[in-house]
Amino acid sequence: MTTITGAAVIQTFLSVVGVFFILYLIGYSTFLFLSVTVGSSFLYRRKRETHYKNQIMADCYVPVSVIVPAYNESVTVVSSVSSLLKLDYSLYEIIVVDDGSTDDTAQQVIDAFDLHEIERPIRLQVPCNPVKSVWYGMAGSVPITLVRKENGGKADALNMGINLSQYPYFVGIDADSVLQYDSLHEIIAPVIEYENVVAVGGLVRLSNGVELKDGRLTSYSLPKQTIPAMQVLEYDRSFLSARILFDQFNGNLIISGAFGLFRKDVVVACGGYDRDTVGEDMELVTKLHVFCRTSGRDYLIKYAPEAICWSQAPASLHDLINQRKRWHRGLFECMTKHWRVFANLRYGLVGALSYSYFLVYELLSPIIELFGILTMILAVAFNFVNVPYMILFFLIYAVYGAIMSLTAFFSRVQTRDLHLSKLDVVRALCLSLFEVTILRFIMAVTRMLALVGYRKKDRRWDKITRTQIKAE
């Protein structure tokens, strides 16, 4: 009779885990390669079309309401609103929603744009907390409305902006962000091109290290601080790769809360932003997919990579960790709320590919990756693995990930005709390896611990140290 030893059981277990991780890494590597390749090709094709004047330039404008939710944003809110006044767009309004700030955010806006208090009835189409006061003024031909309300969180503030808005489409941006001069023109383009668009996502780039004048980029460089510089590589890979690829089959599940356009009547029909989630941006987009498909509505959710919003990245590791914890909690809430989408034929590729990707490679990835590290330590302890081979394998994987990040980064630099110093090129090459190894490991631990002490009703705003945006 054969006796099964403990070592044999452990070896069998490690073999099964090894096969799983090889398949896991192959799946992610294949996705990353396809998405970066498709994204880079798309950007270069767009650049050629622009060069040869092959793009259709429409002279028509869709009226847009720009909603700026703000909580304790006195450092950046004036520069953000000022940048909106320099947009190359004919018909839009600006709505600033002060969500019960404890600093002088509202007073900064009132003084800077000479607003005066008015009595204005508000039609409550979507739920939000009560209004304290409404202020109004004109900056040239652009109406500016400021509403002060009781604190309720970002989703609640956005709902208030929807209730105040007078135009059929609205754009939500963060109060620490600056829109490029042509961003409204670019983000509305899919609405003009396709009649069934219900939402469009813009490209978020990091403002750390850049200078803007009249909404135009005048100076571009990698941030001098290491943490924001690595986030530049991360953002370019994320926004270039996955979102362009998912856009090919109407499969985007997220539009960044920093910059997104929505058709108001459809958002109102599905209940507006969910005030019981910290991931209101992803939840709304997923809810739009569910609402349109279950009601049999023909729809498109598009991505406009030329519609650029410049937003601040957390400058410290502490702020970055807090931000990513909040993002992961929001992802968890959205995935669990809309779990019926998973592998459901009613939702087509959205359920089969998009939801599956976010489930495996976003929500569960920190648990999977950290479990992999623990099993490797166990394998080394029992001498069941060739350590030099293992190190070589992960070094190759890290270099591969760094190459994908650099491809996305330099594709964006090249197609936008940006100029990098030699020092920035060297820094990008070096930091790409740190970003896919050290920063990724820290973020994996952060996201795994994100749900520890999780409270469903915790809807506080992010507390991130802000600096003045270099925009004139």
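Student: Which residues does Ser-29 touch, not counting residues up to four places away in sequence?

Tutor: Ser-29 touches Tyr-397 and Tyr-400, where contact means heavy atoms within 4.5 Å. This is a predicted model, in which local features need pLDDT of at least 70, side-chain atom pairs count only at pLDDT 80 or more, and totals for chains, interfaces and linings use all residues. Residues are numbered from 1 along each chain as its sequence is written, and side-chain values use heavy atoms, with hydrogens and water left out.

Student: Why does Ser-29 count as buried?

Tutor: Buried means under 20% relative accessible area, exposed over 50%, and partly exposed in between, with a 1.4 Å probe and protein chains only. Ser-29 has 14% relative accessibility, so it counts as buried. Its place is in helix H1.

Student: What makes Phe-20 partly exposed?

Tutor: Phe-20 is found in helix H1. Its relative accessibility is 42%, and therefore Phe-20 counts as partly exposed. From Phe-20 to Gln-108, 88 residues apart in sequence, the C-alpha distance is 55 Å.

Student: How is a helix such as H1 identified, and what is the confidence there?

Tutor: Helices (H or I, at least four residues) and strands (E, at least two) are DSSP runs, numbered from the N terminus. Confidence is expressed as pLDDT, the predictor's value for each residue, from 0 to 100. In the protein chain it is lowest in helix H1 (residues 6-51), at a mean of 79, and highest in helix H7 (residues 264-269), at 96. The chain has a mean pLDDT of 86, and 92% of its residues reach 70 or more.

Student: Why is the protein chain said to be as compact as a globular protein of that length?

Tutor: To begin with, the chain has 13 helices and 12 strands. The radius of gyration is 23 Å, close to the 23 Å that the globule rule gives for 472 residues, so the chain is as compact as a globular protein of that length. That radius is taken over C-alpha atoms, and the rule is 2.2 Å times the number of residues to the power 0.38. The C-alpha atoms fill a box of roughly 90 × 50 × 45 Å along the principal axes. Of the 472 residues, 54% count as buried.

Student: What share of the contacts with a separation of 6 or more joins residues 24 or more positions apart?

Tutor: Such residues account for 81% of those contacts in the protein chain.

Student: Is Thr-446 buried or exposed, and how do you know?

Tutor: Thr-446 has a relative accessible area of 4%, so it is buried. This residue lies in helix H13 (residues 422-448). Thr-446 touches Ile-321, Arg-324 and Lys-325, not counting residues up to four places away in sequence.

Student: What makes the phi of Asp-214 worth a remark?

Tutor: Most residues other than glycine have a negative phi. Asp-214 has a phi near 55°, a positive value in a residue other than glycine. Asp-214 sits in the loop between strand E9 (210-213) and strand E10 (216-220). At 37% relative accessibility, Asp-214 counts as partly exposed.

Student: Where is Ala-343, and what is its phi?

Tutor: Ala-343 is in the loop between helix H9 (317-337) and helix H10 (348-363). Its phi is near 55°, again a positive value in a residue other than glycine.
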